Amino acid sequence: MVNPSKITEGGIEYSIGRFNGIEMFYDFPKILTYLDAKGKLMFGKQFKIYDDDRDIIYKLSNYFIKDTEKCEKAEIDPDKGLLITGPVGCGKTSLMKLLQFIVPLQRPYSVIPCRNIVFGFNHLGFKVIEDYGNGSFFCFDDLGVEPIGRHYGQDCNVMGEILLSRYELSLKSKLKTHATTNLNAEELEERYGNRVRSRMREMFNLIAFDTNAKDKRK
């Protein structure tokens, strides 16, 4: 039987808790140690876990490990996706790429920049909306700053259409969608309209970095 409490990275075995053969008991300090090591492998030696981010990482970790009691205390619905908001460079994308590795037995998702999706639409047309509105798992990165799509002279709010498709999937099959954005609720509504914004409230748990969070890329 695979032991989900042990994860090997770079030839080193990390423990993120204790597994009794039936139930997994996670240890948050050990999760942080693993995330720091995995982050350095993925993003370079300059990567580090910042003390200012521990509260958000704690919430996200509880979401990914499906700790229903702690999620309930934090008003997080494990059946919804995640919408991570915060200023440029605060670490939203890195955390969403990283955190899924603490649950290696769960189905992974792909982190896709929204502007790349729009560029694909400009080239291939509405097939792109169908492709991202399907049953795959995605985290849409930098939602709201992508350009309007245009295919053969026809303009399209590509991500707005994809979000509506993903909403329908969430109703039919409980398929979760994740996203990161630099925009606040008002800016998202201005970008996508009230209908999409209303659907987003039903699809996502909102996890917000402090508006003064520093740019970690500097």
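Predicted model: local features only at pLDDT ≥ 70, side-chain atom pairs only at ≥ 80, totals over all residues.
Local features need pLDDT of at least 70 and side-chain atom pairs count only at pLDDT 80 or more, whereas totals for chains, interfaces and linings use all residues. Residues are numbered from 1 along each chain as its sequence is written, and side-chain values use heavy atoms, with hydrogens and water left out.

Reader: Which residues of helix α9 are buried?
Author: Helices here are DSSP runs of H or I with at least four residues, and strands are E runs of at least two, both numbered from the N terminus. Buried means under 20% relative accessible area, exposed over 50% and partly exposed in between, with a 1.4 Å probe and protein chains only. In α9, which spans residues 194-203, the buried residues are Val 196, Arg 197, Met 200 and Met 203.

Reader: How far apart are the closest N and O atoms of Arg 191 and Glu 146?
Author: A salt bridge is a side-chain nitrogen of Lys or Arg within 4 Å of a carboxyl oxygen of Asp or Glu. Arg 191 is buried at 19% relative accessible area, and Glu 146 is buried at 4%. In their salt bridge, the closest N and O atoms are apart by 3.4 Å.
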